[in-house]
Each structure stands twice: as structure tokens, then as C-alpha cells.
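User: Hi! I'm new to this one and would like a quick tour. Could you walk me through it?

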Amino acid sequence: MTEIEEYIREFLDYLRIERGSSANTIEAYGRDLGAFAAFAAAEGVDEWRDVDRALAERFREALFSEGYASSTVKRRLSALKSLSRYCTLEGYGKGNVASTVALPKLPAQLPDVLTIEQVGRMLDASDRTDAAGLRDRALLETLYGAGLRASEACDLNLDDLFPTEGFCRVRGKGDKERFAPLSGSAQRALDAYLAEGRPQLRSSRRAQAPAVFLNRRGGRLSRQSVHHIVEEAGLMVGLEGLHPHTLRHCCATHLLQGGADLRLIQEILGHSDISTTQIYTHLDREHLRTEYLMAHPRAKKRF
């Protein structure tokens, strides 16, 4: 292992232990910094003291020449800047060598959002009575109804559901917990799945599995499976490449169209950037649920 790779491993440990970053965040940093370590090794650079701005600039140009999108180049350079900042604070090398490397500008782009009618057609097309069908309908309704990330839906346990109160407890980025409203169609789809679908998916070997969403072997549903389920649901109504995060964007957009204010939406989605959250006041759960019921298009609609 080269010195650069050792510092990367140390930095990832710092993110996990000191910063409380999620496993997905650490995995992403590891991938991006691993690409830099491989590039540095190909350039004959194994020690951090030999990393300089010129190497960082060549890494940037190499990424573009290999055909990577500007978003990928920006993410990998941002990861390198974070590593360089960490190494500077720890007294390694020549200082923050990547601080002045220019990040590519990304074109302003709004996330893809489906209409309320498109979401309704997609959910209705996913309505099946077998165990997997009940699970898929409940999953799709939950992703859209509560604005969850794919990983957050996978991490849901049975004791995270509070059907009487109309909430689910969500573990977001950095293991931060929040409560998201879960009512109307989403709650009814979950009730049907938990009563009729989940017992069929639960295997005797994993009879005590706490996960809400199970795969066909009775284990916890994976993020890859969630992506596949969402993509298949989109194809059924002619929507190619439908992504779980699109349903999260739809939740936020449709709430806003329904009259919900931005503070409510931020609370539901669990956005944690301090520069954003400092300007908002905390919303209590009852107000959160009341506003949600008024604004979300499927909070009361029956399927």
C-alpha cells in the first residue's frame, strides 16, 4: 500500500469515526479517492509529499480526456480537496495542494419530476396481489409519500413505523434521525403488505428479520433491488430510467405545488446542510402532519 493510499484510508476512518458520515458517503469518497491514487501511481507518485497542484491539475484533465461528465469530475476533485485539507490539518505534505484547482461549472439543471398524474399511473400499474407485488406497491408509495432515499427505505425496520400517529422514523445521512409523515395511500399500501405480503416473504431462517421491506429470501431488500423495482415500475407506464430519487423530488415538488412551505419540505426530506437549516425554525410533528395531509396529493386518496 502506498503512502497516498494509507492517508486515504486514514481520512475515511476520520469521516466514519469523527464526522459520523454514512457508509454510502464513505464508499463514494473511497471510490473517488481511489481513482486519484491510481492516477498518482501511474504518474510515479506514491508519497503525499510529492503531490502538488500540477498533479491535481493533470488529474482533472485526465478525467475530462477519459470522457467523464463534469459532475463526476467535480465530485472527484471535491473529494481530493477534502483529502488535501485533511492532510494539511494533520501536517502531512506541502499544504493544501488542491485548494486552488478549479472545479468545472455545471449547467443549471432541475431534477426530473413526474406529474401527479404520471405518479398515479405508475403506482396503479404496480398494483398486484402477490407478495412481491404488495411489497413493491408499498415501497413505491413510501418512497413517494415520505420522500425517502432508496437507502432510507431499505433501512426501515418494523419498529420505525408508527401507523397510529401517521409517521415513520427515518435514518438519514450520517445516521441522523427524523420523522416523516406517512399517511393515505402509503399507509394503506404498507398495511396491506405487512398483513399479507411480508409474512410470505419472511423465511423461517430469518423469522426475526426486523426490516420492513424483504427480498424473496426473507432478507433485507438491497438498494440495487429498490432501483430495479422503481425502474421496472416506470417502464410499465413508458417512463424509461426512472430513479428512486426522482420520486423523492416528486414528493417535494408536489408538496410545494400543494401549498406546503419550504420549511415543511426541508423537515420531511431531512436536508441537513447547516447553511440551509440555520434559517429555518423547527416544526413540531403535529404541524408537520397537518400540513402534509393538506398538501400531499396522495395523503388521503384511496387506491
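Analyst: Happy to! When I say contact, I mean heavy atoms within 4.5 Å. Also, this is a predicted model.

User: Okay, let's start with Arg76. Which residues is Arg76 in contact with, leaving aside its neighbours within four places in sequence?

Analyst: Those are Asp32, Ala35, Phe59, Leu63 and Tyr68. With Asp32 there is also a polar contact between the two side chains, at 3.2 Å.

User: And where does Arg76 sit?

Analyst: You'll find Arg76 in helix α4, which covers residues 70-89.

User: Is Arg76 buried or exposed?

Analyst: Arg76 counts as buried because its relative accessible area is 13%, and the cut-off for buried is under 20%.

User: Switching topic: how many residues are in the largest nonpolar core?

Analyst: That core has 53 residues, and Tyr193 and Phe213 have the most contacts inside it. Helix α6 (residues 131-146) gives the most to this core, with eight residues. A second, separate core has 31 residues, including Phe39 and Leu80.

User: What does Phe213 touch, leaving out its neighbours within four places in sequence?

Analyst: Its contacts include Ala138, Leu139, Leu156, Leu190 and Tyr193.

User: Last one, helix α1. Which residues of α1 are buried?

Analyst: They are Ile4, Tyr7, Ile8, Phe11, Leu12 and Leu15.

User: What do the buried residues of α1 pack against?

Analyst: They pack against α2 (23-42) and α4. That α4 is the helix where Arg76 has its place.

Note on methods. Residues are numbered from 1 along each chain as its sequence is written. This is a predicted model: local features need pLDDT of at least 70, side-chain atom pairs count only at pLDDT 80 or more; totals for chains, interfaces and linings use all residues. Side-chain values use heavy atoms; hydrogens and water are left out. Helices (H or I, at least four residues) and strands (E, at least two) are DSSP runs, numbered from the N terminus. Buried means under 20% relative accessible area, exposed over 50%, partly exposed in between (1.4 Å probe, protein chains only). A polar contact is a pair of N or O atoms within 3.5 Å; within protein, one must be able to donate a hydrogen and the other to accept it, and residues adjacent in sequence count only if both atoms are side-chain atoms. A nonpolar core is a set of buried Ala, Val, Leu, Ile, Met, Phe, Trp, Tyr and Cys residues joined through side-chain atoms within 4.5 Å.
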